[in-house]
Amino acid sequence: MTCTEFLALLDDLIDDTVTTQMRADLQEHLRGCEHCEVTLNTTRKTIEIYRSHEIYDLPSSLRERLHAAIMERCKKGC
Amino acid sequence: MPMSTIQSVAGENEQHPDVALIAQVRAGDVSAFDQLVRKYDRQIFRIAQHITQNREDAEDVMQDAFLKAYQKLDQFQGNSKFYTWLVRIAVNESLMRLRKRRTGKMVSIDEDIETEEGSVPRDLADWAPDPEQNYSQSELAEILRKTIQGLPHGFRVVFVLRDMEGLSTEETAETLGLSVPAVKSRLLRARLQLRERLSRYFRRKKGGEK
(Lines give C-alpha, C1' and ligand atoms only; values in the text may rest on other atoms or scores of the structure.)
Protein backbone atom coordinates (compact mmCIF):
# COMPACT_ATOMS: atom_id res chain seq x y z
CA MET A 1 0.00 0.00 0.00
CA THR A 2 1.30 3.47 -0.90
CA CYS A 3 0.88 6.61 1.21
CA THR A 4 -1.64 7.96 -1.32
CA GLU A 5 -3.72 4.80 -0.99
CA PHE A 6 -3.48 5.03 2.77
CA LEU A 7 -4.60 8.65 2.72
CA ALA A 8 -7.63 7.82 0.57
CA LEU A 9 -8.79 5.46 3.32
CA LEU A 10 -7.80 7.67 6.26
CA ASP A 11 -11.38 8.76 7.02
CA ASP A 12 -12.68 5.20 6.85
CA LEU A 13 -10.01 4.16 9.32
CA ILE A 14 -10.80 7.07 11.66
CA ASP A 15 -14.55 6.50 11.39
CA ASP A 16 -14.09 2.76 11.76
CA THR A 17 -15.86 1.82 8.55
CA VAL A 18 -13.16 -0.49 7.17
CA THR A 19 -13.32 -4.23 6.73
CA THR A 20 -11.09 -6.45 8.84
CA GLN A 21 -8.86 -7.17 5.84
CA MET A 22 -8.59 -3.49 4.97
CA ARG A 23 -7.73 -2.63 8.55
CA ALA A 24 -4.95 -5.22 8.53
CA ASP A 25 -3.55 -3.72 5.29
CA LEU A 26 -3.69 -0.20 6.73
CA GLN A 27 -1.97 -1.30 9.91
CA GLU A 28 0.69 -3.08 7.89
CA HIS A 29 1.39 0.20 6.08
CA LEU A 30 1.49 2.12 9.36
CA ARG A 31 4.13 -0.17 10.80
CA GLY A 32 6.60 0.95 8.14
CA CYS A 33 5.51 4.56 7.60
CA GLU A 34 6.10 7.12 10.29
CA HIS A 35 4.63 9.95 8.20
CA CYS A 36 1.27 8.25 7.81
CA GLU A 37 1.26 7.37 11.49
CA VAL A 38 1.76 11.04 12.38
CA THR A 39 -0.94 12.07 9.90
CA LEU A 40 -3.39 9.56 11.39
CA ASN A 41 -2.70 10.49 15.01
CA THR A 42 -2.74 14.24 14.49
CA THR A 43 -5.90 14.09 12.37
CA ARG A 44 -7.60 12.11 15.12
CA LYS A 45 -6.42 14.67 17.63
CA THR A 46 -7.70 17.52 15.43
CA ILE A 47 -11.21 16.05 15.46
CA GLU A 48 -11.06 15.34 19.18
CA ILE A 49 -9.98 18.90 20.02
CA TYR A 50 -12.77 20.42 17.94
CA ARG A 51 -15.30 18.07 19.50
CA SER A 52 -14.29 18.76 23.06
CA HIS A 53 -13.91 22.54 23.03
CA GLU A 54 -16.69 25.06 22.90
CA ILE A 55 -15.52 27.78 20.55
CA TYR A 56 -18.78 29.67 20.22
CA ASP A 57 -20.41 29.76 23.60
CA LEU A 58 -23.96 30.89 24.16
CA PRO A 59 -23.95 32.89 27.41
CA SER A 60 -26.90 32.18 29.71
CA SER A 61 -28.21 35.75 29.53
CA LEU A 62 -28.28 35.72 25.74
CA ARG A 63 -29.72 32.22 25.72
CA GLU A 64 -32.58 33.26 28.00
CA ARG A 65 -33.26 36.39 25.95
CA LEU A 66 -33.41 34.47 22.67
CA HIS A 67 -35.45 31.76 24.27
CA ALA A 68 -37.99 34.23 25.61
CA ALA A 69 -38.24 35.92 22.20
CA ILE A 70 -38.86 32.59 20.45
CA MET A 71 -41.50 31.44 22.90
CA GLU A 72 -43.23 34.82 22.90
CA ARG A 73 -43.66 34.67 19.14
CA CYS A 74 -44.70 31.02 19.19
CA LYS A 75 -47.45 31.77 21.70
CA LYS A 76 -48.74 34.50 19.41
CA GLY A 77 -48.82 31.95 16.62
CA CYS A 78 -45.61 33.51 15.15
CA MET B 1 -37.97 -1.74 36.33
CA PRO B 2 -34.49 -0.39 35.63
CA MET B 3 -33.48 -3.37 33.50
CA SER B 4 -36.43 -3.09 31.18
CA THR B 5 -35.79 0.67 30.86
CA ILE B 6 -32.22 0.03 29.80
CA GLN B 7 -33.33 -2.60 27.32
CA SER B 8 -36.01 -0.43 25.81
CA VAL B 9 -33.59 2.50 25.39
CA ALA B 10 -31.17 0.18 23.62
CA GLY B 11 -33.84 -1.18 21.28
CA GLU B 12 -33.32 -0.07 17.68
CA ASN B 13 -36.95 0.45 16.84
CA GLU B 14 -37.72 2.50 19.90
CA GLN B 15 -39.42 5.81 19.35
CA HIS B 16 -37.10 8.82 19.66
CA PRO B 17 -38.08 11.00 22.67
CA ASP B 18 -38.59 13.98 20.31
CA VAL B 19 -41.50 12.19 18.64
CA ALA B 20 -43.66 12.44 21.78
CA LEU B 21 -42.75 16.11 22.25
CA ILE B 22 -43.65 16.88 18.63
CA ALA B 23 -47.02 15.17 19.06
CA GLN B 24 -47.63 17.35 22.12
CA VAL B 25 -46.74 20.52 20.20
CA ARG B 26 -49.08 19.51 17.39
CA ALA B 27 -51.80 19.04 19.97
CA GLY B 28 -51.30 22.66 21.01
CA ASP B 29 -48.89 22.32 23.92
CA VAL B 30 -46.41 25.17 23.43
CA SER B 31 -44.39 24.16 26.49
CA ALA B 32 -43.37 20.96 24.69
CA PHE B 33 -41.80 23.15 22.02
CA ASP B 34 -40.01 25.01 24.79
CA GLN B 35 -38.33 21.73 25.69
CA LEU B 36 -37.25 21.14 22.11
CA VAL B 37 -35.75 24.64 21.92
CA ARG B 38 -33.78 24.10 25.12
CA LYS B 39 -32.57 20.76 23.89
CA TYR B 40 -31.10 22.02 20.63
CA ASP B 41 -30.52 25.77 20.94
CA ARG B 42 -26.79 25.55 21.61
CA GLN B 43 -26.18 23.34 18.59
CA ILE B 44 -28.25 25.56 16.31
CA PHE B 45 -26.47 28.68 17.57
CA ARG B 46 -23.06 27.07 16.96
CA ILE B 47 -23.95 25.94 13.45
CA ALA B 48 -25.25 29.42 12.61
CA GLN B 49 -22.07 31.01 13.98
CA HIS B 50 -19.88 28.69 11.95
CA ILE B 51 -21.72 29.46 8.72
CA THR B 52 -22.40 33.18 9.11
CA GLN B 53 -19.28 33.93 11.18
CA ASN B 54 -21.24 36.74 12.70
CA ARG B 55 -22.77 36.77 16.14
CA GLU B 56 -25.79 38.98 15.38
CA ASP B 57 -26.64 36.90 12.35
CA ALA B 58 -26.36 33.75 14.44
CA GLU B 59 -28.80 35.18 16.98
CA ASP B 60 -31.27 35.98 14.21
CA VAL B 61 -30.81 32.60 12.58
CA MET B 62 -31.43 30.82 15.84
CA GLN B 63 -34.71 32.64 16.39
CA ASP B 64 -35.86 32.31 12.79
CA ALA B 65 -34.93 28.63 12.56
CA PHE B 66 -36.96 27.69 15.63
CA LEU B 67 -39.91 29.82 14.58
CA LYS B 68 -39.88 28.31 11.12
CA ALA B 69 -39.70 24.82 12.64
CA TYR B 70 -42.68 25.68 14.82
CA GLN B 71 -44.70 27.01 11.90
CA LYS B 72 -43.81 24.14 9.61
CA LEU B 73 -44.09 21.36 12.12
CA ASP B 74 -47.02 19.92 10.16
CA GLN B 75 -44.65 19.38 7.24
CA PHE B 76 -42.22 17.40 9.35
CA GLN B 77 -42.65 13.88 8.08
CA GLY B 78 -40.94 12.01 10.85
CA ASN B 79 -38.91 9.92 8.43
CA SER B 80 -35.82 11.86 9.44
CA LYS B 81 -34.85 12.93 12.94
CA PHE B 82 -36.30 16.20 14.18
CA TYR B 83 -32.77 17.41 14.93
CA THR B 84 -31.62 16.78 11.35
CA TRP B 85 -34.70 18.54 10.01
CA LEU B 86 -34.05 21.49 12.31
CA VAL B 87 -30.39 21.65 11.26
CA ARG B 88 -31.45 21.79 7.63
CA ILE B 89 -33.68 24.78 8.37
CA ALA B 90 -30.85 26.47 10.29
CA VAL B 91 -28.33 25.88 7.48
CA ASN B 92 -30.73 27.39 4.94
CA GLU B 93 -31.46 30.38 7.17
CA SER B 94 -27.72 30.88 7.72
CA LEU B 95 -27.00 30.83 3.99
CA MET B 96 -29.78 33.36 3.44
CA ARG B 97 -28.24 35.69 6.02
CA LEU B 98 -24.88 35.34 4.36
CA ARG B 99 -26.39 36.24 1.00
CA LYS B 100 -28.03 39.33 2.46
CA ARG B 101 -24.77 40.43 4.01
CA ARG B 102 -22.87 39.93 0.81
CA THR B 103 -25.64 41.76 -1.07
CA GLY B 104 -26.29 39.94 -4.24
CA LYS B 105 -23.18 37.82 -4.27
CA MET B 106 -24.19 34.21 -4.65
CA VAL B 107 -23.40 32.09 -1.67
CA SER B 108 -23.60 28.38 -1.95
CA ILE B 109 -21.95 25.52 -0.24
CA ASP B 110 -20.26 24.73 -3.54
CA GLU B 111 -18.06 27.78 -3.60
CA ASP B 112 -14.35 27.86 -2.85
CA ILE B 113 -13.79 24.17 -3.17
CA GLU B 114 -11.43 24.32 -6.13
CA THR B 115 -8.44 24.10 -3.87
CA GLU B 116 -5.94 21.38 -3.44
CA GLU B 117 -4.55 22.93 -0.28
CA GLY B 118 -3.98 20.43 2.45
CA SER B 119 -5.07 17.44 0.42
CA VAL B 120 -1.53 16.09 0.75
CA PRO B 121 -0.05 16.42 4.23
CA ARG B 122 3.08 18.54 4.22
CA ASP B 123 3.71 19.21 7.88
CA LEU B 124 4.67 15.79 9.11
CA ALA B 125 6.07 16.75 12.49
CA ASP B 126 4.48 14.93 15.39
CA TRP B 127 2.53 16.95 17.94
CA ALA B 128 3.41 17.43 21.57
CA PRO B 129 1.49 15.15 23.93
CA ASP B 130 -1.73 16.97 24.93
CA PRO B 131 -0.69 20.00 22.88
CA GLU B 132 -3.73 22.02 23.95
CA GLN B 133 -2.29 22.15 27.48
CA ASN B 134 0.27 24.70 26.27
CA TYR B 135 -2.47 27.30 25.77
CA SER B 136 -5.03 28.93 28.02
CA GLN B 137 -8.71 28.18 27.33
CA SER B 138 -9.21 31.54 25.66
CA GLU B 139 -6.02 31.25 23.58
CA LEU B 140 -7.04 27.79 22.48
CA ALA B 141 -10.57 28.89 21.56
CA GLU B 142 -9.08 31.72 19.50
CA ILE B 143 -6.70 29.33 17.69
CA LEU B 144 -9.55 26.89 16.95
CA ARG B 145 -11.86 29.67 15.77
CA LYS B 146 -9.27 31.29 13.54
CA THR B 147 -8.24 27.97 12.07
CA ILE B 148 -11.71 26.74 11.20
CA GLN B 149 -12.73 30.15 9.84
CA GLY B 150 -9.90 29.86 7.34
CA LEU B 151 -11.41 26.75 5.76
CA PRO B 152 -13.32 27.10 2.49
CA HIS B 153 -17.00 27.50 3.26
CA GLY B 154 -18.03 24.22 1.62
CA PHE B 155 -15.52 22.26 3.68
CA ARG B 156 -16.22 24.02 6.95
CA VAL B 157 -19.94 23.31 6.98
CA VAL B 158 -19.34 19.60 6.30
CA PHE B 159 -16.78 19.35 9.11
CA VAL B 160 -19.07 21.20 11.53
CA LEU B 161 -22.12 19.03 10.87
CA ARG B 162 -20.31 15.72 10.58
CA ASP B 163 -17.51 15.96 13.14
CA MET B 164 -18.66 18.57 15.61
CA GLU B 165 -22.44 18.22 15.69
CA GLY B 166 -22.63 14.48 15.29
CA LEU B 167 -24.64 14.06 12.07
CA SER B 168 -23.92 10.93 10.06
CA THR B 169 -22.43 11.15 6.56
CA GLU B 170 -25.87 10.40 5.10
CA GLU B 171 -27.61 13.01 7.26
CA THR B 172 -24.97 15.61 6.35
CA ALA B 173 -25.46 14.83 2.67
CA GLU B 174 -29.24 15.11 2.99
CA THR B 175 -29.05 18.33 4.99
CA LEU B 176 -26.73 20.03 2.51
CA GLY B 177 -28.21 18.55 -0.65
CA LEU B 178 -24.90 16.89 -1.52
CA SER B 179 -24.09 13.35 -2.56
CA VAL B 180 -22.52 10.99 -0.01
CA PRO B 181 -19.22 10.80 -2.00
CA ALA B 182 -19.11 14.63 -2.09
CA VAL B 183 -19.52 14.79 1.70
CA LYS B 184 -16.80 12.18 2.17
CA SER B 185 -14.39 13.97 -0.11
CA ARG B 186 -14.96 17.32 1.58
CA LEU B 187 -14.71 15.84 5.05
CA LEU B 188 -11.32 14.28 4.33
CA ARG B 189 -9.99 17.53 2.93
CA ALA B 190 -11.46 19.58 5.77
CA ARG B 191 -9.86 17.30 8.36
CA LEU B 192 -6.50 17.36 6.60
CA GLN B 193 -6.51 21.14 6.16
CA LEU B 194 -7.39 21.72 9.80
CA ARG B 195 -4.71 19.27 10.87
CA GLU B 196 -2.15 21.03 8.71
CA ARG B 197 -3.05 24.46 10.09
CA LEU B 198 -3.17 23.34 13.72
CA SER B 199 0.23 21.71 13.34
CA ARG B 200 1.73 25.19 13.40
CA TYR B 201 0.60 25.54 17.03
CA PHE B 202 0.72 22.00 18.29
CA ARG B 203 3.85 20.46 16.78
CA ARG B 204 6.49 19.17 19.12
CA LYS B 205 9.21 21.78 19.42
CA LYS B 206 12.80 20.85 18.64
CA GLY B 207 15.46 20.51 21.32
CA GLY B 208 13.13 19.28 24.02
CA GLU B 209 11.64 22.71 24.76
CA LYS B 210 7.98 22.78 25.62
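Chain B is divided into two domains: domain 1 covers residues 17-101, and domain 2 covers residues 131-208. The model is a predicted one. The C-alpha centres of domain 1 and domain 2 of chain B are 23 Å apart. Their contact takes 10 residues from domain 1 of chain B and 11 residues from domain 2 of chain B. On the domain 1 side, H3 and helix H5 (82-101) of chain B each supply at least two residues. This side of domain 1 of chain B comprises 4 nonpolar, 5 polar and 1 charged residues.

The secondary structure of chain B consists of 9 helices and 0 strands. Along the sequence, the pattern reads α-α-α-α-α-α-α-α-α. Chain B has 210 residues, and 37% of them count as buried. Among the contacts in chain B with a separation of 6 or more, 69% join residues 24 or more positions apart.

Chain B also touches chain A. This contact takes 36 residues from chain B and 27 residues from chain A. Five elements of chain B each supply at least two residues of the side that touches chain A: helix H3 (30-52), helix H4 (55-71), helix H6 (137-149), helix H7 (153-164) and helix H9 (180-202). By class, this side of chain B has 20 nonpolar, 12 charged and 4 polar residues.

Technical notes
Residues are numbered from 1 along each chain as its sequence is written. Chains are lettered from A and ligands numbered from 1 in the order in which they are written. This is a predicted model: local features need pLDDT of at least 70, side-chain atom pairs count only at pLDDT 80 or more; totals for chains, interfaces and linings use all residues. Helices (H or I, at least four residues) and strands (E, at least two) are DSSP runs, numbered from the N terminus. A residue is buried if 20 or more other C-beta atoms lie within 10 Å of its own, exposed if 12 or fewer, and partly exposed in between; C-beta atoms are placed from the backbone. Two residues are in contact if their C-beta atoms, placed from the backbone, lie within 7 Å. Ala, Val, Leu, Ile, Met, Phe, Trp, Tyr, Cys and Pro count as nonpolar, Asp, Glu, Lys and Arg as charged, and the others, Gly among them, as polar. Domain bounds come from an automatic or database domain assignment.
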